[in-house]
Amino acid sequence: MEKGLLKEVVLDQKQWLLSMQSGTLRDKLSEITGHSSLPHCIILSGIRRSGKSTLLTQTIDHAYSRDEVYFLNFDDERLLTFTVEDFPVLHEIFMELFGERKVIFFDEIQNVEKWELFVRRMQDRGHKFFITGSNASLLSSELGTRLTGRNLSLEVFPFSFSEFLQFRGEKLPVPDSLLPAERARLKARFNEYLLQGGMPEFLKYGDPAALKRLYEDIIYRDIAARHEIRDIRALRELGLYFFSTMGNLFNFNRLKGFLGVGSVNTVKSYTQHFEDAFLLFTVKGFSSSLKHQFITPRKIYCVDNGINNAVSFRFSKDRGRFVENIVAVELKRRGKEIYYYRTAKNREVDFAIREAERITALIQVSTDMSKSTTREREILALSDAMDEIKLKHALLLTEDEETTLTLDRKLVTVKPLYRWLLEKEKRS
């Protein structure tokens, strides 16, 4: 790459960095800055436009200063020809313009093949790196070769409910001491979050077309172009199918026939590409048999309700699925290993949390417990699962109800979802 152009980009982006607003402080900031004294490379991964660049800026402000670090965002069309051979020139430009710095921030690094070679070499010379990326498979393959044991990977999600409230200028409430008017306002904000999701740029400007453009960018740039997929029709139909059946079970063999593709492996690859782009994620059914886990149908969830609503236009008909999706995303945000659970009587519990090779928590999600048939179904599923797993406590998340149920010496805590989302302790 021509040195003069690279220098121009560095200067332009430095001005951008200096003028960048810190924005809503992210929940993950303290965890990231807590690693600033370690020699490890800190990797922040997540879907495009989820606020990773802003989070980098917040990290700079809280652990360093904007004048004492190097910064470059590779998601810049002027850097399309940048290769691993250009890194020494980049470092020379950094030193020429800003002097010697030991901390380097790289945004959207996956756009440069073999970037890990430069990072590893500079780590050996005492440099500290903070890096973001939007493709899980590329990052994992690169980290697994040159940076094994020398990196810490953290996933960045769209705004949590508490971050959403702060973005909207709301003071975070204390859920245990809400007055009726405060509770009503909080529930109204929750309904907004349920529909709009937590993508910062969309929340700032309120343009649903922005979410659709993001989806199209991921389809064409991050999936089709990167993996040289020619059957765009099948890829798009699979994406629309997943968005339209969020929270439902799916089977790779059935999807093969639905899409009209020649191989189950093609469907699996396409699904993995959606997951690698952090757009969707799958949840397996729990089983003590690893083989059985692989052959059982999976559930599909979307990383953000706003994206799903913009792409599928199905919110009004599927409120329960959107509520369940919020729980799935929040559990992932809290770092939980999640499954769904099917009892011996074929009753289903929405989420089973696994720790240390066993299920330690069960969570059922229900939007309306007023119907006796619904109430009985949800409680029976939890009761059966608790008996099978030998758990004494489970959680039932609703939209409004709050109580404690005793089931033959087993306890089920019934709690409004908006309260659970605001709990400070990151546990189920």
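Colleague: Which residues lie nearest the centre of the second largest pocket?

Modeller: Bear in mind that this is a predicted model. In it, the second largest pocket is lined by 21 residues, and those nearest its centre are Arg321, Glu324, Asp350, Arg377 and Glu378.

Colleague: And what volume does the second largest pocket have?

Modeller: Its volume comes to about 440 Å³. The lining draws at least two residues from each of H16, strand S10 (348-355), strand S11 (358-365) and helix H17 (372-389), and by class it has eleven charged, seven polar and three nonpolar residues.

Colleague: What about the largest pocket, how much space lies in there?

Modeller: The largest pocket holds about 780 Å³ of space. Its lining is made of 27 residues, and Met20, Arg49, Ser53, Thr54 and Glu201 are the closest to the centre. Two or more lining residues come from each of helix H1 (3-19), helix H3 (52-63), strand S2 (70-73) and helix H9 (200-205).

Colleague: How does the lining of the largest pocket divide by class?

Modeller: There are ten charged and ten polar residues in that lining, together with seven nonpolar ones.

Colleague: Switching topic: how many cavities of 30 Å³ or more does a search of the whole structure find?

Modeller: The search finds two cavities of that kind, and the largest cavity has a volume of about 100 Å³. It is lined by 13 residues, with Tyr193, Val303, Asn305, Ile326 and Val329 the closest to its centre.

Colleague: Which element gives the most to the lining of the largest cavity?

Modeller: That is H16, which gives five residues to the lining. Taken by class, the lining of the largest cavity has six nonpolar, four polar and three charged residues.

Colleague: H16 again, then. At what angle do the axes of H8 and H16 cross?

Modeller: The axes of helix H8 (residues 180-196) and helix H16 (residues 319-333) cross at roughly 85° and come within 10 Å. With angles of 65 to 115 degrees counted as roughly perpendicular, H8 and H16 are therefore roughly perpendicular to each other.

Colleague: Which residues make the contact?

Modeller: H8 contributes Phe190, Asn191, Tyr193 and Leu194, while H16 contributes Arg319, Phe322, Val323, Ile326 and Arg333. These residues divide into six nonpolar, one polar and two charged. Tyr193 and Ile326, which belong to this contact, are also among the residues closest to the centre of the largest cavity.

Methods: Residues are numbered from 1 along each chain as its sequence is written. This is a predicted model: local features need pLDDT of at least 70, side-chain atom pairs count only at pLDDT 80 or more; totals for chains, interfaces and linings use all residues. Side-chain values use heavy atoms; hydrogens and water are left out. Axes are lines fitted to C-alpha atoms, for helices over the stretch in contact, and angles run from 0 to 180 degrees between N-to-C directions. Helices (H or I, at least four residues) and strands (E, at least two) are DSSP runs, numbered from the N terminus. Angles under 35 degrees count as roughly parallel, over 145 as roughly antiparallel, 65 to 115 as roughly perpendicular and the rest as oblique. Contact means heavy atoms within 4.5 Å. Ala, Val, Leu, Ile, Met, Phe, Trp, Tyr, Cys and Pro count as nonpolar, Asp, Glu, Lys and Arg as charged, and the others, Gly among them, as polar. On a 1 Å grid over the protein atoms alone, a cavity is a set of points where a 1.4 Å probe fits but cannot get out, and a pocket is an open set with protein on both sides within 12 Å along at least five of seven lines; lining residues have an atom within 4 Å of a point. Grid points are joined across faces, edges and corners, and a volume is the space filled by probe spheres set on the points.
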